[in-house]
Each structure stands twice: as structure tokens, then as C-alpha cells.
Amino acid sequence: MAVTPRGTSPVPPDARPRLTVLSGPSGVGKSTVVAHMRKEHPEVWLSVSATTRTPRPGEKHGVQYFFVTDEEMDKLIANGELLEWAEFAGNRYGTPRAAVLERLEAGEPVLLEIDLQGARLVRESMPDARLVFLAPPSWEELVRRLTGRGTEPPEVIERRLAVAKIELAAESEFDETLVNTSVEDVARELLALMDVV
Ligand SMILES: Nc1ncnc2c1ncn2[C@@H]1O[C@H](COP(=O)(O)OP(=O)(O)OP(=O)(O)O)[C@@H](O)[C@H]1O
Ligand SMILES: Nc1nc2c(ncn2[C@@H]2O[C@H](COP(=O)(O)O)[C@@H](O)[C@H]2O)c(=O)[nH]1
């Protein structure tokens, strides 16, 4: 007998919500928008990535990320446990595959918050995924947000801004663009795209 995850009934593939991927340059506000959205709609399931980056103050293992060593990341990759992974500004990040597939099969709205390279890999492996690009109102505002967050030293900010130029140039690869002027507005727009409201 087939066992369904967490006692849920299997949902036929054509009745399942599409996987949604949210990408955009570092500091544009992806985590802020997603946290705001999930306060009112906790039914949106956000994948928790594995990363080799060190935790920022207040970040907890298993909440924002699974913080892993380089050796642990090597094993996750070698064992095929990641749906996608990428190196971003000196650290590696990856999406645990099993949990994502389990939630999709259960018919839940699933969201990945990942970088451009990861979004491209998801597009290859899951062509049905919806790719959403979060853009800043301006370059100056992006720099202000990333700097103002105060979580990275100047050299890391420079590195992330260099990557941001590449990411901004790839906007046309995405199915949708949302401009993060207002967190509330963008959260509402994202929920609508995901057919949650
Ligand atoms: N619409 C907005 N207006 C003003 N400030 C914002 C807005 N959205 C987010 N911010 C601020 O911008 C900073 C960066 O936001 P956040 O950490 O969510 O970005 P991110 O895209 O998740 O970054 P990263 O990819 O580096 O994790 C935070 O200080 C946040 O409070
Ligand atoms: N390809 C992937 N990118 C990911 C994943 N988890 C997060 N990210 C992206 O990395 C950068 C930096 O994140 P930060 O928390 O160090 O600021 C950002 O663009 C994230 O969206 C992942 O699993 N795969």
C-alpha cells in the first residue's frame, strides 16, 4: 500500500499548485516579503535551504537555514539530496529535494527563495515551475537596503553587488517581475500569483 506523507491524501498532479521560485538580487527584500506574506498565510510552505554560510545574529539552524559544514554539503550533493544548489558570493546553498517533492505531492503551495543560478536549474528540472523576479525600485535603493541591513562587511557587500548586476540583467528569463517598493503590496501580488488569495 502506498504511504502518503503526513497522512494526507495524494493530490492528482494536474490539481497541484505550481512550484514557485522567488529570486532577485541580494538585499532586494525577498526574505522580508516572504516573512510578511507567511504571517497571514502560513499555509505557503517555504523550503529551508542548506548553506555553508555562517549564521547571522538571530538565525537558527532549521529555521532560516540548515547550517552545514563544507563536508556535509559535499555529501548532500554527492547523494543527490538537493533539488538544486549553487555557489553564491563565496558560500554554497542548496534546496533539500525530498521535502519539496513531498509538499508538492500533498498539494501545498510551495515557495523557494533562491538565487538566479538555482532558478535556472529548477527551470531545467521542473519546467512547470513559476519563476518570479523581485526587482528593486532603483539601483541606489538596492545599495541602501543591502548596506543598511548591516549584516555583511563592506567587501562582502561589494561582492554581492557585483552579482546583483548579473542578476538584474537576467530579469527577462523570469515569468513575472514584481518591484519591491512596498512590502505589503508585493506580498499581496505574490500571493495572487501563487493562487493563494
Ligand atoms: N519595500 C521595502 N522598503 C524598504 N526597505 C525594505 C523593503 N523590503 C525590504 N527592505 C529592507 O531591505 C533589507 C534587505 O531585505 P532582505 O534581507 O529581506 O533581502 P533579501 O533579498 O532576502 O536579501 P538576501 O538575498 O541577501 O538574503 C532589510 O533591511 C529589509 O528590512
Ligand atoms: N541556489 C540557491 N540559492 C539560495 C538558496 N538559499 C538561499 N539562496 C540565495 O542565496 C543568496 C544569499 O542568501 P543569504 O541568506 O546569504 O543572504 C540569496 O540570493 C538567496 O536567495 C538555495 O537553496 N539555492
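This passage describes the surroundings of two ligands in a predicted model.

In this predicted model, local features need pLDDT of at least 70 and side-chain atom pairs count only at pLDDT 80 or more, whereas totals for chains, interfaces and linings use all residues. Residues are numbered from 1 along each chain as its sequence is written, chains are lettered from A and ligands numbered from 1 in the order in which they are written, and side-chain values use heavy atoms, with hydrogens and water left out.

UniProt, in an unreviewed entry, assigns residues 17–195 to the feature "domain: Guanylate kinase-like"; such positions follow the numbering used here, with feature names shortened, and annotations may be inferred rather than shown by experiment. The span 17–195 is 43% helix and 22% strand, and its end C-alpha atoms lie 8 Å apart. Helices (H or I, at least four residues) and strands (E, at least two) are DSSP runs, numbered from the N terminus.

Ligand 1 has 15 residues around it, of which Ser26, Lys30, Ser31, Thr32 and Arg149 come nearest; a residue is near a molecule if one of its heavy atoms lies within 4 Å of it. Helix H1 (30–40) and helix H5 (139–149) each contribute at least two residues to this shell, and H1 gives the most, with 3 residues. Ser26 belongs to the loop between strand E1 (20–23) and H1. By class, the shell around ligand 1 comprises 3 nonpolar, 7 polar and 5 charged residues. Here Ala, Val, Leu, Ile, Met, Phe, Trp, Tyr, Cys and Pro count as nonpolar, Asp, Glu, Lys and Arg as charged, and the others, Gly among them, as polar.

Polar contacts are pairs of N or O atoms within 3.5 Å. An oxygen atom of ligand 1 lies 2.9 Å from a polar backbone atom of Ser31, and a backbone N or O atom of Val28 is 3.4 Å from an oxygen atom of the ligand. A polar side-chain atom of Arg160 is 3.1 Å from an oxygen atom of ligand 1. The protein buries 75% of the 650 Å² that ligand 1 exposes when taken alone, with areas from the Shrake-Rupley method and a 1.4 Å probe.

Ligand 1 sits in the largest pocket, in that more than half of its atoms lie within 2 Å of the grid points. A pocket is an open set of points on a 1 Å grid over the protein atoms alone, where a 1.4 Å probe fits, with protein on both sides within 12 Å along at least five of seven lines; lining residues have an atom within 4 Å of a point. The unreviewed UniProt entry places a "binding site" at Gly24, Pro25, Ser26, Gly27, Val28, Gly29, Lys30 and Ser31. Of these, Gly24, Ser26, Gly27, Val28, Gly29, Lys30 and Ser31 are included in the lining of the largest pocket.

Ligand 2 also sits in the largest pocket. Strand E5 (82–88) and strand E6 (91–96) are the elements that give two or more residues to its shell. Of the 16 residues around ligand 2, Ser49, Arg53, Arg56, Tyr65 and Tyr93 come nearest, and the shell divides into 5 nonpolar, 4 polar and 7 charged residues. Polar side-chain atoms of Arg56 and Arg160 each lie 2.7 Å from an oxygen atom of ligand 2. The protein covers 95% of the 510 Å² of accessible area that ligand 2 has on its own.

Notes: Polar contact = N/O pair within 3.5 Å; in protein donor to acceptor, adjacent residues only side chain to side chain.
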